[in-house]
Amino acid sequence: MPDQVHILVIDDEQIMRDGCSRILSKDGWSVLTAENGKKGLEEIQRHPENIDVILLDLMMPGMSGMEVLDQVRKIDPNLLVIVITGYATVESAVEAMKKGAYDFIPKPFTPDQLRIVVKRAWERRSLQKEAEFLRKERERSLRDIATEKSKIKTIINCMGDGVLVCDRDGCIVLTNPAASRMLMTSETSLLGNSLSQCHLNSELSRTIEESLQVKDIGYTSVSQELSLGESQEFFLRAHTAQVRNDVGETMGSVTVLQDISHLKELDKMKSEFIAMVTHELRAPIAAVEQQLTVILNKMAGDVTEKQEQLLSRAKERTKGLLDLIKDLLDISKIEAGKMVQYKEPLALQEVIQRVVDLMKVEAEYKKIDLRFTAPSKVPSINADRNSMEGILTNLISNAIKYTPEGGKVWVNLGEEGGFLKVTVSDTGIGIKKEDVSRIFDKFYRVKTSETRQIIGTGLGLSIVKSIVDAHLGSISVESEEGKGTTFNVLLPKESIQTA
Ligand code: ADP
């Protein structure tokens, strides 16, 4: 028996108090006694937590058992009171039960009878306590959940990034003020509505819907840039991820939105600055190159062999600088959306032929066999002539640059489904697998012992890719180290006919 449990015996007869105390103490209970009602109540007040069962004599001088019972019920209605009655007072026992006593035991009683009635009361009390404990636990965990919920809500509401959470049916279940501000709508028009109802940016809606459909466990997140506002002057970066439960089922999606308008503005300023500087540099460097050419052509007098050597080197470096300036200006134009400005019906084979002819000298210099093949009839396309020349010049000059002497470079034009396909292949040094995915990045150059001597800016392919993208086409590359590289450019016929 738990020793902190007290049984209080309230009886005016000393023999009864001692008897009960002895029997129950033997069984391990801790027993308190009181010789009258008043003292009994004082004991209860003194040990409010520890007294569980009270044995109460109904017939006492002074304060009667009934009065004590009334008071006990007031102090704690859960306290279990067993009334002790004489034969003559069975009716009062019944009355006491009506008043809330738990049980009664008539006098005289045997030790076993006492044990049984006390044990029964204690069991009942234990159940009561356990129920009370469980109730408090539940209340506490509910309170914890509520606190946790409000904590998370507060954090999400204070975040600078926008948050948009959808359930698996595409209904918005959580959002924050930053998201409503960035999406230029109110929180109420988002919360509880489906994606189609709240007229979100169509690209964003599509991405969220797609993320909810994806079955692939490996799928993590999609990042995209969105432009908003009447004249598309605001920019957001949105990261959308799928939310799955423990068994891999899709539960919904989470989208985090970042306002990148100021970064875009900075980027624009930087590009404009680069464009301005490169533009200002071009004229003086071109003048230096021209004057070097004049001197090298001996139009300004004789040049010694040593001088010629030095001036040729200087001219080569100046040409490298002019190439870099050209690439930087092209990049600036692409970023400002001015690169592909004028689309016209174009016979692509003629454009290619012209570039191939121009590159012949460079190819011959390296003893490279440069060839161009095309079927006799190829549909003309609507494209920007300068941009197309830019693509071909970059791809063919790369092929020549990265192919050792005596190699082959061939260009082919053909049709593939709804596309015109331009292929530029070489028997050059090839590109390592790990570099292939990066060669279209701005300023990316493969660094090997073979490429170290080759001059370049790392901008050519990124310019090519931007032009192809602007024509709604695609570019791919196949390469094997030491064997050669093939670039395939596809230009869709649909974009070709519009423009
Ligand atoms: P770069 O000015 O360095 O040529 P590009 O953007 O045109 O810059 O090309 C990026 C990189 O891709 C190059 O540095 C080169 O390593 C690799 N590359 C491009 N074309 C070829 C090719 N035909 N063969 C092998 N490597 C190539």
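Which helix gives the most to the lining of the second largest pocket? The answer is α9, with 8 residues. The model is predicted.

**The pocket**

The second largest pocket has a volume of about 420 Å³. It is lined by 16 residues, and the closest to its centre are K268, S271, E272, E335 and A336. Charged residues number 9 in this lining, beside 4 nonpolar and 3 polar ones. Helix α10 takes part as well: α9 and α10 each supply at least two lining residues.

**Helix packing**

Two packed helices are described by the angle between their axes and the distance between the axes. The table sets out two pairs.

| Helix pair | Axis angle | Axis distance | Crossing |
|---|---|---|---|
| α9 and α10 | roughly 155 degrees | within 8 Å | left-handed |
| α1 and α5 | about 65 degrees | 10 Å | right-handed |

Take α9 and α10 first. Helix α9 spans residues 261-296, and α10 spans residues 305-335. Their axes cross at roughly 155 degrees. Angles over 145 degrees count as roughly antiparallel, and α9 and α10 are therefore roughly antiparallel to each other. Helix α9 passes α10 in a left-handed crossing. The residues of this contact divide into 16 nonpolar, 7 polar and 6 charged.

K298 is found in the loop between α9 and α10. It is not a glycine, yet K298 has a positive phi of about 60 degrees.

Now α1 and α5. Helix α1 covers residues 14-26 and packs against α5 at an angle of about 65 degrees. Their axes are 10 Å apart. The range from 65 to 115 degrees counts as roughly perpendicular, and this makes α1 roughly perpendicular to α5. Here the crossing is right-handed.

Side chains of opposite charge can pair when their charged atoms come close. The count of salt bridges in this model comes to 31. In one of them, the side chains of D57 and K107 meet, with 3.7 Å from N to O. This pair links distant parts of the chain, 50 residues apart. D57 belongs to strand β3, residues 51-57. K107 sits in the loop between β5 (103-106) and α5 (111-158).

What is the peptide bond from K107 to P108, cis or trans? It is cis, with omega near -10 degrees. P108 also lies in the loop between β5 and α5.

Terms used:
Residues are numbered from 1 along each chain as its sequence is written. This is a predicted model: local features need pLDDT of at least 70, side-chain atom pairs count only at pLDDT 80 or more; totals for chains, interfaces and linings use all residues. Side-chain values use heavy atoms; hydrogens and water are left out. Axes are lines fitted to C-alpha atoms, for helices over the stretch in contact, and angles run from 0 to 180 degrees between N-to-C directions. Helices (H or I, at least four residues) and strands (E, at least two) are DSSP runs, numbered from the N terminus. Angles under 35 degrees count as roughly parallel, over 145 as roughly antiparallel, 65 to 115 as roughly perpendicular and the rest as oblique. A crossing is left-handed if the near helix is turned anticlockwise from the far one by less than a right angle, and right-handed if clockwise. Ala, Val, Leu, Ile, Met, Phe, Trp, Tyr, Cys and Pro count as nonpolar, Asp, Glu, Lys and Arg as charged, and the others, Gly among them, as polar. On a 1 Å grid over the protein atoms alone, a cavity is a set of points where a 1.4 Å probe fits but cannot get out, and a pocket is an open set with protein on both sides within 12 Å along at least five of seven lines; lining residues have an atom within 4 Å of a point. Grid points are joined across faces, edges and corners, and a volume is the space filled by probe spheres set on the points. A salt bridge is a side-chain nitrogen of Lys or Arg within 4 Å of a carboxyl oxygen of Asp or Glu.
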